[in-house]
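The following exercises are to be worked through with the sequence and the model side by side. Each task is followed by a solution in steps.

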Amino acid sequence: MLEADYQGPRQRVACVAAPTSRDACCGPDERVGAKWWKTAQVAAARGARERRGGRTRGPRPTGARGSGAVEGREGRGRTGRGEVGERVAAHQRMRRLRPRRIHSRAVLDVVSPRVPALARVVVARGPRRSEVVRARNDGPLRLVCPRRAGDAAWVVTSSLGGGLVDGDDVTLDLTVGPGAVALLTTQASTKVYRGASSQRAVVAVEADAVALVVPDPVVPFAGARFVQRTELALSPDATVALVDVITAGRVAYGERWSAASITSTLAVSVGDHPLLLDRVRLDPAHGDLAARMGRFEALGTALLLGPRARDLARD
């Protein structure tokens, strides 16, 4: 075991080279980063010089067999042990003791908890059409606002990594200003991987505005614990159209209704008065999901509300 301890003007290096993972030999508070090994080598050479009291060995006699040492600056010979020679020797010793990189569960768990991501979008009425006047990405939630023909402003969401992974907690806050029209959708189906994840959408629709919330279906993988909540706050003369679909999962891979749990909540309020609260929970603890869902491969919710949707609702 080789120890290096050097007190510098701005940092303190304290590393122990042992036959374990180099990530595990130092605690998270003492870890210096990717260059800690090189820093430890320099500290070992510096400590060796300090223990010698600053003295260096002289070159071997020129007549010695196999000696390639030359006089002058110490350490330039093949066998001379000057300042450079001690550094090279320390480097070689540490290379022999250098542990292999071992990725273990204990090392990978040293990760700070994720902070919930909050993305914001504001749509306002422009001179000719509705425009996205503010868009802010956050965390794994990405926003794309393409310019499309027509009166509506498009907001397309996507996720880094292609879906929601264990620990993801994302929220989208959309505000549709007076008289504006906004379409909120996704780039592709929302894949929910194994583990716990959640997403939340808060949509505020102001006077005489229209919001079309039509994301692609949610595809929960086997072992996924997914929580979804959609909140719609409407003015009395606002209009909203919403479609929300949760599929059975990757049926082609044999994962039919095999998620660990699915919870979906839809809350709608008009003015200051709650109008609708719909909550669906699918949990194998209440019975086999595949047997309970029978022949159905998806569960969907459709909502049309507001003065502009009355004619469509009648049809």
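**Exercise 1.** Among contacts in the chain between residues at least 6 apart in sequence, what percentage join residues at least 24 apart?

*Solution.* This is a predicted model, in which local features need pLDDT of at least 70 and side-chain atom pairs count only at pLDDT 80 or more, while totals for chains, interfaces and linings use all residues. Residues are numbered from 1 along each chain as its sequence is written, and side-chain values use heavy atoms, with hydrogens and water left out. Taking a contact as heavy atoms within 4.5 Å, the share is 67%.

**Exercise 2.** Determine how strand β6 is covered and paired.

*Solution.* Begin with burial, meaning under 20% relative accessible area with a 1.4 Å probe and protein chains only: five of the seven residues in β6 (residues 153-159) are buried. Strands here are DSSP runs of E, at least two residues long, numbered from the N terminus, and two of them pair if DSSP finds at least two bridges between them. Strand β5 (residues 141-144) runs antiparallel to β6 and is joined to it by four bridges, with L141 having S159 as its bridge partner. With strand β9 (residues 181-186), β6 pairs in the parallel sense over five bridges, and T157 stands opposite T186 of β9.

**Exercise 3.** State which strand gives the largest share of the lining of the largest pocket, and classify that lining.

*Solution.* Strand β15 (residues 239-247) supplies the largest share, four residues. By class, the lining holds 17 nonpolar (Ala, Val, Leu, Ile, Met, Phe, Trp, Tyr, Cys and Pro), six charged (Asp, Glu, Lys and Arg) and 18 polar residues (the others, Gly among them). A pocket is an open set of points on a 1 Å grid over the protein atoms alone, with protein on both sides within 12 Å along at least five of seven lines, and lining residues have an atom within 4 Å of a point.

Notes: Buried means under 20% relative accessible area, exposed over 50%, partly exposed in between (1.4 Å probe, protein chains only).
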